[in-house]
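Me: I would like to go through one structure by question and answer. Please keep to what can be read from the model below.

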Amino acid sequence: MRVLNYLEVADRLRRSGIHTAVENQRKALADSEHRLVTSPWAGGSPTAAAARWALGDDAVESYDLAHCNLAGPGTVAVAEHAERRGIPLVVHAHVTREDFAGSFRGSTAIGPAVERYLRWLYSRADLVLCPSSYTASVLAAYPVTPPIRPVTNGVDAAALSGHRALREPYRRRFDLEGFVVFAVGNVFARKGVRTFCALAERTDYEFAWFGPYDTGPHADPTVRRLVRSPPENVTFTGWIEDIRGAYGAGDVCLFPTNVENQGIAVLEAMACGAAVVLRDIPVFEEFYTDGEDCLKCETIEEFESALERLAGAPGLRRRLGENAVATAGRHDLDRVREELCSAYDAVRADATA
């Protein structure tokens with residue numbers, strides 16, 4: 001089957017978890033029976049497609065099933081095309097109103113409009129995929145009307161191999177010493193940056209957040225304030241070209257996010273054998289077990305206590321890390337391929353029934 005696996009404005013999303021999830025999909029499907037097309041536009045872009053159309057050629061690529069990964073205008077165009085041609089449409093709900101809030105200035109205020117738009121677009125699909133059962137319940141409550149199916153974002157452990165060799169280079173690069181608490185990903189308010197910095201002020205450990213941030217007018221005021229004037233023991237690195245350096249340089253991964261659909265950075269940290277400290281939110285109940293492959297916390301005092309325990313107990317860090325590797329292994333690319341192929345088969349069967 002010829003599958004359109006589409007992520008519009010992919011170049012602008014290279015620093016996002018959505019881009020990582022789509023890369024995992026494509027790597028996984030490369031070993032499947034399906035042939036992938038990554039752009040709906042003949043020639044690879046709307047401009048090239050328009051030129052082909054002007055010459056009398058087809059402007060749209062041929063595909064048997066569309067799988068769209070972003071709720072933008074490109075996906076709307078694909079939805080229109082698929083409906084006209086009777087082609088099954090799968091839309092991947094990487095974004096909800098809940099995780100959109102707290103991303104940039106005004107994102108929470110426009111939440112109701114975002115929810116209405118997502119409900120309209122997701123409901124045009126024949127099947128909606130999402131990263132977790134938690135997210136499926138959120139979408140069902142909107143309500144989104146098509147069937148909703150959880151599919152793990154997965155983790156590419158092979159792409160992270162060699163992270164330990166980058167420990168000293170990245171520590172020197174960012175002047176990190178001793179016990180380092182770290183986070184990975186875009187610096188958003190909803191990711192718990194305030195908790196991250198508050199914990200730094202309550203401890204003597206070094207804290208490093210590896211990931212891009214905005215300081216312009218559209219940036220969240222809290223993020224802009226903290227990255228411009230962080231506590232003395234906090235380093236905001238900005239974008240790094242090799243994410244393995246983050247997982248090599250740090251000792252404990254702190255992920256105090258308030259809302260998440262799965263948390264790719266958590267799976268990556270676990271795949272690297274890091275001890276992980278999470279906020280105790282519903283989505284993590286699906287995947288991770290407190291005291292087995294992570295520590296879960298609710299209050300600032302609990303977070304502080306967890307970090308103190310881990311700083312003084314290398315054996316505990318090692319045990320949590322070993323169990324975390326096993327957990328991440330249950331989200332490998334083989335599982336991503338199996339779940340996607342099963343979803344594709346199901347929606348094709350429904351379309352031909």
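Me: Which residues of α16 are buried?
Reply: This is a predicted model, where local features need pLDDT of at least 70, side-chain atom pairs count only at pLDDT 80 or more, and totals for chains, interfaces and linings use all residues. Residues are numbered from 1 along each chain as its sequence is written, and side-chain values use heavy atoms, with hydrogens and water left out. Helices (H or I, at least four residues) and strands (E, at least two) are DSSP runs numbered from the N terminus, while buried means under 20% relative accessible area, exposed over 50% and partly exposed in between (1.4 Å probe, protein chains only). In α16 the buried residues are L333, V336, R337, E339, L340, C341, A343, Y344 and V347.

Me: Which elements are among those that cover the buried residues of α16?
Reply: Contact here is heavy atoms within 4.5 Å. The cover of these buried residues includes the helix α1 (17-29). It also includes the strands β1 (2-6), β3 (65-68), β4 (89-92), β5 (127-130) and β6 (148-150).

Me: How many Å does α16 reach from its first C-alpha to its last?
Reply: Helix α16 covers residues 333-352, which is 20 residues. The expected span of a helix is 1.5 Å times one less than its number of residues. For α16 the expected value is 28 Å, and the model comes close to it, at 28 Å.

Me: Are α1 and α16 roughly parallel or roughly perpendicular?
Reply: Axes are lines fitted to C-alpha atoms, for helices over the stretch in contact, with angles from 0 to 180 degrees between N-to-C directions. The axes of α1 and α16 lie 8 Å apart, at an angle of about 85°. Angles under 35 degrees count as roughly parallel, over 145 as roughly antiparallel, 65 to 115 as roughly perpendicular and the rest as oblique. Helix α1 is therefore, relative to α16, roughly perpendicular.

Me: How many residues of the contact of α1 with α16 are nonpolar?
Reply: Helix α1 contributes N24, Q25, K27, A28 and L29, and α16 contributes L333, V336, R337, L340, C341 and Y344. Ala, Val, Leu, Ile, Met, Phe, Trp, Tyr, Cys and Pro count as nonpolar, Asp, Glu, Lys and Arg as charged, and the others, Gly among them, as polar. Two residues of the contact are polar and two are charged, and the nonpolar ones number seven.

Me: How many residues apart are R124 and E83, which meet in a salt bridge?
Reply: A salt bridge is a side-chain nitrogen of Lys or Arg within 4 Å of a carboxyl oxygen of Asp or Glu, and R124 and E83 have an N to O distance of 3.0 Å. R124 is partly exposed at 22% relative accessible area, whereas E83 is exposed at 58%. R124 sits in the loop between α5 (111-122) and β5, and E83 in helix α3 (residues 73-85), a separation of 41 residues.

Me: Which residues are linked with D99 in a network of salt bridges?
Reply: The whole structure holds 19 salt bridges. In the network, D99 is linked with R190, K191 and E260.
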